[in-house]
Structures are given as C-alpha cells and as structure tokens.
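Please look over the sequence and the structure shown here before reading on.

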Amino acid sequence: MPEIKDMPFNEYILQCTNDEVTGSSASMISHWNILFKNIEKIGYAEMSSRQSDLNWYLSENGVTYNVYNDPHGLNRPWNLNTIPTLMDSKEWGVIEKGIQQRAELFNLILKDLYGKRELIKKGIVPQEVIYSHRGFIRPCDQISYLSDKQLLIYGADIARGPDGQMWIYSDRTQAPSGMGYALENRQTIGRVLPELAQGLKVRKLSVFFQHFNNLLINASPRKTDSPNIVVLTPGPLNETYFEHAYLASHLGYPLVQGNDLVARDGYLWMKSLKGLKRVDVVLRRVDDFYTDPLELREDSQLGVPGLLEVVRLKNVNIINPIGSRVLENPGLIPFIPGIARYFLKEDLILPQVASWWCGQQKERNYVLNHLNELVVRRIDRPQKDNSFICYEMNTEDLDHLRKQIIDRPYRFVAQERIGFSTTPTLINQTLEARNMAIRTFGVATEKGYEIMPGGLVRVASSVNNSVVSNQTGGLSKDFWVIDDKEDNANSRFSLITPSHIIGKGLDDLPSLTAENLYWAGRYVGRALSTSRFLRMVLKQMNFTNFNERKPNNQSLDALFRAVTNLTCTFPGFVGEKPIQDPVAEIYSVILDKNRSGSLSHTMSMFFNAYYSIRNLWSSDMWRVFERINTIWRTIENEKNITNRKLIQTLDQLITRLIAFMGLVEESILIEQGLLLYFIGLQLELSMLNISKCRSLLVVKYNEHIEYEILESLLNSHESLNIYRHSYRSYIKMENVIDLIILDQKYPRSVAFRFNRLNKDLAVLPQSQVTHELSSYEKFIFEGFSKLRLATSVELGKTDEETGLRENLDRLLSELSNLLFQTSLSITTTYFSHSYRQNQLIHQSFSE
C-alpha cells in the first residue's frame with residue numbers, strides 16, 4: 001500500500017479493501033467518520049507528538065511484554081497505537097452472542113472429556129484428537145467440581161474474513177492473557193488522547209471486571225464474603241508478567257509463585273509471615289502440567305506438589321481448571337460444528353476457520369493435494385515447529401512436511417489461509433492499513449457468560465504482513481464498542497471497581513513477597529553504600545594523580561584494600577601479589593557484571609529483586625527505576641571509560657537510588673511488607689559500615705595518613721559536614737568512632753541501626769507470639785548491648801606490639817557475626833521454601 005502522508009481519511013479509504021473503516025460498503029462507517037474528524041481537529045503532527053507521549057507514559061508506568069532472547073532486552077515496552085479500532089454495538093451484539101455460545105460449548109466439552117466422554121464414545125470426536133494431545137491430563141480424569149461451570153474464563157481470537165463477517169480462528173482456555181493489557185490500553189488512551197472520544201459513546205469495561213471479580217469470590221469452596229484468593233504467576237521472566245502484577249494489584253489479591261504455596265492435610269495454604277493461611281481460589285497463570293510436580297511434570301519449579309489432590313477434595317478452586325489446555329487443541333476445530341449440534345442443538349453463530357484433521361483419509365487427501373495453499377499445525381503445539389506456513393515454503397520443505405503427515409497423520413491439522421481485515425494505523429504521520437485481529441474475553445456468571453465489551457486489538461508489525469503477534473513486534477490498539485445509550489458515554493475512563501482487600505496485615509504477606517522485599521532492601525542498601533565508597537575512591541585517585549604534591553600511596557592503598565573487603569571481590573587488593581594496574585582493578589570492581597560482588601553484579605541483583613515485587617510499585621517508583629536502569633546500561637555499554645565518566649555516572653546513580661528509596665517508603669505500606677524492606681536495608685547498611693570501619697580504622701597509621709583515611713571514610717559515609725558541625729575540631733579517631741559507630745542519635749551510625757533493628761524485629765509476627773525474645777531479636781539485642789557498653793576511648797586504644805586497635809577490631813568482628821546470625825535466623829524463620837515431594841511414578845510430558 002502506498003504511503004499516505006497528511007492525506008484526509010476519506011482519501012485513505014479509497015486505498016483499502018476489507019478495511020474496518022468501510023466494512024462491506026465503499027463508504028465510511030458513521031462512527032469512524034466521527035473519530036476521523038476528531039483526529040483531523042487534533043492534526044497529524046499533534047497525533048504523532050501524542051504517540052511519543054503515549055510511549056513515554058507506557059514506559060514510565062512499566063507496561064512491558066517479555067520476549068525471550070530479545071536483543072533489546074527482556075522487558076520490551078508495550079506498543080500501543082494512537083488510533084483505536086471501532087465497532088458498532090449492533091455488530092458487536094452478534095459477536096457477543098457467538099462468543100457466549102462458544103464459551104458455553106467449550107465448557108460442555110471440558111466437562112465431557114474429563115467425565116462421560118460421550119463425544120468420543122459416539123464417534124463425534126476421534127479419540128486420537130484428544131489422547132494424542134498433551135493438554136489432556138489423565139490425572140484430572142473424573143474430577144468433579146463444586147460449580148456447574150468448569151470453564152470460568154474464555155478467550156477468543158477473532159478476525160474479519162473476506163466475506164465481511166467476524167470469524168473465530170483460535171480459542172484460549174488454559175489461562176487467557178490480555179485482559180490486563182486491554183484495560184491498560186483503555187486507561188492510557190483516555191489519559192493521553194481524551195479528545196478522540198468526543199461525540200462517541202464507548203461501552204464500559206468496568207462492568208465486565210466487576211463480573212470477573214464476582215467470579216473469583218463466588219468460586220470459593222467456602223461460602224464467605226472474604227475468601228482467600230491468590231494470583232499464581234510463573235514469575236518475572238514470564239512474557240506477560242506485567243499483566244499478572246497489574247491484575248493482582250488492581251483486584252487487590254496477593255501475587256504468589258509456587259514456592260509461596262503448600263498442599264497439606266487436604267488443603268492449599270499460602271506461606272505467610274505468621275504461618276500457613278488457607279487458600280480458597282487460585283487464578284492461575286501457570287501452564288497445566290507445571291502446576292503439580294507430584295502428579296504432573298516432576299521437574300517443575302513453578303507449581304505446588306499435591307495441588308491436584310486438593311482439587312479432587314474440592315477444597316480449592318483453580319481458574320481455569322487444570323487440564324483445560326486440551327480445548328486449545330486445533331484438532332478439535334473441524335469437529336466443533338458437530339459438537340454444537342450434539343450438545344446445544346444449534347449451529348454456530350460465529351463461523352470458524354475452515355480446518356481439516358489429517359487423521360481422516362478424505363480430509364488428509366485434500367490437504368496433501370492442496371498443501372501449498374494451507375497452514376498446517378501440529379495438534380499438540382510443541383515448543384518448536386508449531387505451525388507451517390505452507391504457501392511460503394519451498395518444494396523441499398513441503399516434501400518433508402508431506403512425509404511427516406503421511407507417517408503420523410493424526411498429529412496434524414490443516415487450515416485455510418486466514419484473511420485478516422485491515423485497520424488504520426498512524427505511523428510517523430503516515431496512515432497505514434495493517435492487518436488486525438481481536439482477542440476478547442468471557443467470564444462465567446450465574447446466567448451464562450459476560451463478554452468484555454471490547455478487548456485487545458493486535459496489528460501486524462508492517463504493511464502486508466499476515467502475522468499478527470506481539471512476539472514478532474506487532475502493535476496493540478484500544479478497542480471501542482460504540483453504543484447509542486447515554487449511560488455508556490465517556491466510559492473509556494471507567495476502570496475496575498476495587499474489590500475488598502483480603503490481606504490487611506503482615507500476617508497475610510506471602511513469604512516469597514516478604515523475602516523479595518527483604519532482599520530488595522539489602523540490594524538497594526548495598527548498591528548505594530558501594531557506589532558512594534567507589535565514588536570517593538575514584539575522586540581520591542584523581543586527587544592523587546593531579547595534585548602537585550607527591551602522591552601519598554599509603555592512604556590510597558588503604559582505600560584500595562577497603563574496596564576489596566567491602567565488595568568481597570577477593571583476592572583483589574588484599575592478595576599476596578600486588579595489583580599491577582590498580583585502575584583496571586577498580587574498573588573491574590565497578591563494571592564487571594560477571595564478577596561476584598562487583599557494583600555491576602550488585603545492580604543486576606537490585607534490578608531482579610525489585611522487578612519481582614512489581615505489583616507493589618507506584619508509577620513514580622517505576623519512572624525512577626527505569627532511569628536507574630538507563631544510567632547503568634549506558635555506562636556498561638560505554639567503550640571509552642574514564643574516571644570522570646565513572647564519577648559522573650555514580651553521581652547520577654546515587655541521586656536516583658536515594659530518590660527511589662524515598663519513594664519506596666512513600667509507596668508501600670508497612671502491612672504490605674515495608675517492614676521487611678527496612679529490616680533488610682538496616683542489616684545491609686550495618687554490615688557494610690562495619691566492613692568499612694574494620695578496613696580503615698583498626699590499623700594505626702601516622703597522623704597525616706590517618707587524617708586522610710578518616711576524612712575519606714567520613715566523605716564516603718556522607719558524614720563530613722555532620723562531623724564538623726558536631727565536633728568543630730580537627731578530625732580525630734575517637735570522635736569518628738563515636739559518630740560513626742556509637743552515636744545512638746545519628747541515623748547513619750552502627751548503634752542507631754542496631755536500635756532501629758531492635759524495634760523493627762519486635763513487630764514481626766513470630767516476635768509477638770510469646771514474651772520471650774526470638775533468636776534474631778537476641779542477636780541484635782546482644783549487639784546493641786555491646787555498643788552501649790563500649791566507649792570511643794577504649795575502642796581507640798592501640799596495641800603497641802601489633803599496631804592494631806584490637807578492642808575495636810574485636811567489637812566490629814562480634815557485631816558482624818551477630819548480624820550474620822540475625823540474617824540467617826530471619827531467613828530460616830520466614831523464608832524457608834524447601835518443601836519438595838517426588839513422584840512415585842515418572843510421567844513424561846515430552847514428545
């Protein structure tokens with residue numbers, strides 16, 4: 001299609017065939033006409049500018065779609081186009097009824113396949129179609145459920161065919177994704193381009209999400225107003241992890257991973273800080289055969305051993321049921337019309353893509369004779385060789401595929417080439433007609449299925465590209481169903497009505513979330529303290545190299561040794577062999593991401609820890625986090641590294657880390673786990689402060705060298721001005737010990753942090769069970785007592801024979817060990833995820 005820059009929309013439609021703007025006629029549909037006039041009022045240049053605003057908004061709010069092995073990084077920004085796709089309510093009404101019918105039909109199929117199996121017994125569906133599909137999970141056979149409906153969430157991929165009708169070409173029944181992205185698209189367009197909806201009455205999404213929330217509540221085996229509901233995610237590496245976190249946050253339910261849950265005594269429990277808490281409903285985003293390593297895939301780290309048995313006992317409801325992936329089998333599609341007539345005594349309202357299962361001779365012959373015109377799929381959808389676009393394949397590949405079909409015909413289904421309609425897409429002030437598809441959703445209600453009045457529109461990555469997929473770089477669009485009822489006006493701003501929040505205290509915090517918060521505190525503390533110390537060392541290196549006086553290598557050597565001790569990058573500067581190139585070693589400690597203990601390695605752990613608790617973030621937190629990420633990636637990719645560039649980067653990094661820490665305290669409640677973050681932060685900063693003090697204060701140097709070391713320590717500790725204000729004297733060892741280690745009123749001192757830990761640890765659930773101190777409280781109390789009994793005069797004394805401040809070294813060593821014991825005790829008490837069961841009989845889920 002030719003480029004149409006600054007061309008009116010009424011000329012755009014003359015260039016298109018089978019486009020959403022015109023439908024089956026040659027003239028523009030009325031609601032599109034209103035939208036186009038709104039866009040023309042805004043102007044092409046402004047629309048392009050708004051696209052930049054929209055991209056910025058999505059990036060700033062952390063809307064991502066993970067793509068495995070993506071050269072641009074794991075968390076690819078979500079791509080949303082400014083122009084929505086529109087459909088009038090009359091046409092949508094037909095589609096809505098068709099999807100309701102199909103959802104009900106698939107619900108009946110699911111019940112039958114794991115129940116009476118009449119479809120197989122009566123020859124309506126060949127048994128090879130079902131039993132050859134890995135989605136049919138035999139341990140789920142004959143499981144009965146409390147609710148009449150088993151398929152509670154259904155997703156349908158639809159596209160407009162050449163005849164102008166919407167066709168269903170794919171069904172999503174296992175864990176349909178896209179609801180959260182559809183909601184985010186609606187919210188984003190409403191904020192960035194509110195003028196687009198002027199004169200249009202867009203149907204609400206809020207009612208659908210109210211039904212969705214009611215579905216979760218009503219699915220509970222225990223009839224209570226406050227069932228315990230969790231969202232089960234595979235974790236941050238999953239492609240739609242943003243959506244998992246987004247829905248959990250908006251619905252107000254805990255986001256958990258498999259290690260957060262345990263099956264015991266016939267029930268499913270969530271490991272909270274207080275103990276085990278019974279779970280009633282699991283909204284799962286983990287694939288079927290990963291959900292229970294005891295009965296299904298034994299190498300799975302994503303599921304819960306024994307989960308299926310809890311389901312059999314009707315003590316938990318999984319949405320959608322384990323085993324529902326079998327409905328996504330493309331081999332079922334040729335038989336759906338017959339199934340509809342058998343179960344519903346109806347023909348399909350919405351047509352589906354023409355399909356031929358190769359296990360039948362007549363259909364197989366047709367496929368082999370028309371192979372170069374079709375799309376062939378394996379019915380089991382393995383990870384590779386998922387589908388074959390035959391009309392794009394060469395003769396040799398077609399012959400190879402033909403042989404595979406002849407050898408195992410029951411494994412293959414062929415489908416006609418899908419003809420997508422196009423929709424106007426604005427790219428750099430240029431209108432392009434790109435192929436599009438829609439995914440919409442249905443949720444079960446007492447009366448049937450409620451269908452989302454809209455959905456997720458995906459468009460191809462380029463003109464004339466027939467592949468419509470986010471994995472291959474496609475774009476998304478908001479989808480508006482245009483109504484003529486006044487009460488639906490301005491509905492694009494309607495979001496989720498918040499549900500009741502189940503967890504209101506630390507007792508309800510999932511243990512894995514608590515652990516991630518704890519380590520998030522430790523890593524941000526480590527990143528900040530290490531950055532400050534390395535910045536100070538780099539400045540001292542510059543000072544030593546460029547000052548006119550003779551370099552004082554003894555004080556710089558002490559700082560170098562402290563770098564190794566602080567970062568644990570041994571042997572480094574404390575090894576037997578002296579470092580020949582100190583600059584290269586310092587650069588390695590900062591930038592070598594494969595070196596454990598380096599700042600780069602610490603930043604990597606920082607990014608991983610915080611992304612794991614994405615559902616707790618505010619939008620401001622994400623903005624600062626992204627800025628930190630950008631700063632660090634820039635210096636990691638820098639080819640020409642200099643001290644000046646590193647210092648500038650560390651200046652920016654430190655400022656952003658401080659801002660991020662402030663936002664954490666503002667954005668996360670104590671009952672959401674902020675207390676665990678504080679405990680981790682104080683523990684880490686205490687350990688690092690002790691490490692710096694042991695490296696720089698224990699050895700006795702001459703007065704001039706000692707002065708420089710003390711000044712450097714105060715600088716790295718951001719305490720030089722405080723020292724001058726408090727003591728108004730020459731920098732002395734006893735005063736520094738008093739300020740940095742013993743001062744209970746100074747927030748950066750070791751004593752203050754121990755006292756803070758004393759108070760915070762007392763709030764943890766296990767600490768409130770009895771009047772006795774828990775083990776971790778005892779360690780901190782002992783350390784605080786030692787600090788209270790110490791004096792700077794005694795700690796500052798030097799042994800004449802060794803030249804060491806042995807009292808100081810002994811105290812710091814004891815404190816370091818007590819902190820280590822505290823961390824170990826906290827981890828053992830609250831973060832133990834080692835609950836492993838093994839299968840008695842091995843089951844293979846590979847081909």
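## Surroundings of H31

Leaving aside its neighbours within four places in sequence, H31 is in contact (heavy atoms within 4.5 Å) with L86, M87, D88, L200 and I482. H31 is found in helix 2, residues 30–42, where helices are DSSP runs of H or I with at least four residues, strands are runs of E with at least two, and both are numbered from the N terminus. H31 counts as buried because its relative accessibility is 6%; buried means under 20% relative accessible area, exposed over 50%, and partly exposed in between, with a 1.4 Å probe and protein chains only.

## Basis of the model

This is a predicted model, in which local features need pLDDT of at least 70 and side-chain atom pairs count only at pLDDT 80 or more, while totals for chains, interfaces and linings use all residues. Residues are numbered from 1 along each chain as its sequence is written, and side-chain values use heavy atoms, with hydrogens and water left out.

## The chain as a whole

The protein chain has 27 helices and 22 strands, and of its 847 residues 58% count as buried. Among contacts in the protein chain between residues at least 6 apart in sequence, 72% join residues at least 24 apart.

Helix 15, residues 553–567, has 15 residues and reaches 21 Å from its first C-alpha to its last, close to the 21 Å expected at 1.5 Å a residue, the expected span being 1.5 Å times one less than the number of residues. Its buried residues include L556, L559, F560 and V563, and just after helix 15, C568 takes a positive phi of about 60°.

P582 is found in helix 16, residues 582–591, and counts as partly exposed because its relative accessibility is 27%. Leaving aside neighbours within four places in sequence, P582 is in contact with F560 and F573, and P582 and D557, 25 residues apart in sequence, are 9.4 Å apart in space, C-alpha to C-alpha. Seven of the 10 residues of helix 16 are buried, so this helix is largely enclosed by the rest of the structure; the buried residues are E585, I586, Y587, S588, V589, I590 and L591.

## Two helix pairs

The axes of helix 3 (residues 44–60) and helix 18 (residues 619–636) come within 8 Å and cross at roughly 95°, which makes helix 3 roughly perpendicular to helix 18. Axes are lines fitted to C-alpha atoms, for helices over the stretch in contact, and angles run from 0 to 180 degrees between N-to-C directions; angles under 35 degrees count as roughly parallel, over 145 as roughly antiparallel, 65 to 115 as roughly perpendicular and the rest as oblique. W56, S59 and E60 in helix 3 meet S619, W622, R623 and E626 in helix 18, and the residues of this contact divide into two nonpolar, two polar and three charged. Here Ala, Val, Leu, Ile, Met, Phe, Trp, Tyr, Cys and Pro count as nonpolar, Asp, Glu, Lys and Arg as charged, and the others, Gly among them, as polar.

The axes of helix 20 (residues 674–697) and helix 24 (residues 750–761) come within 10 Å and cross at roughly 155°, and the two helices are therefore roughly antiparallel to each other. Among the residues making the contact are L675, F678 and I679 of helix 20 and V750, R753 and L757 of helix 24. By class, the contact of helix 20 with helix 24 has nine nonpolar, three polar and three charged residues.
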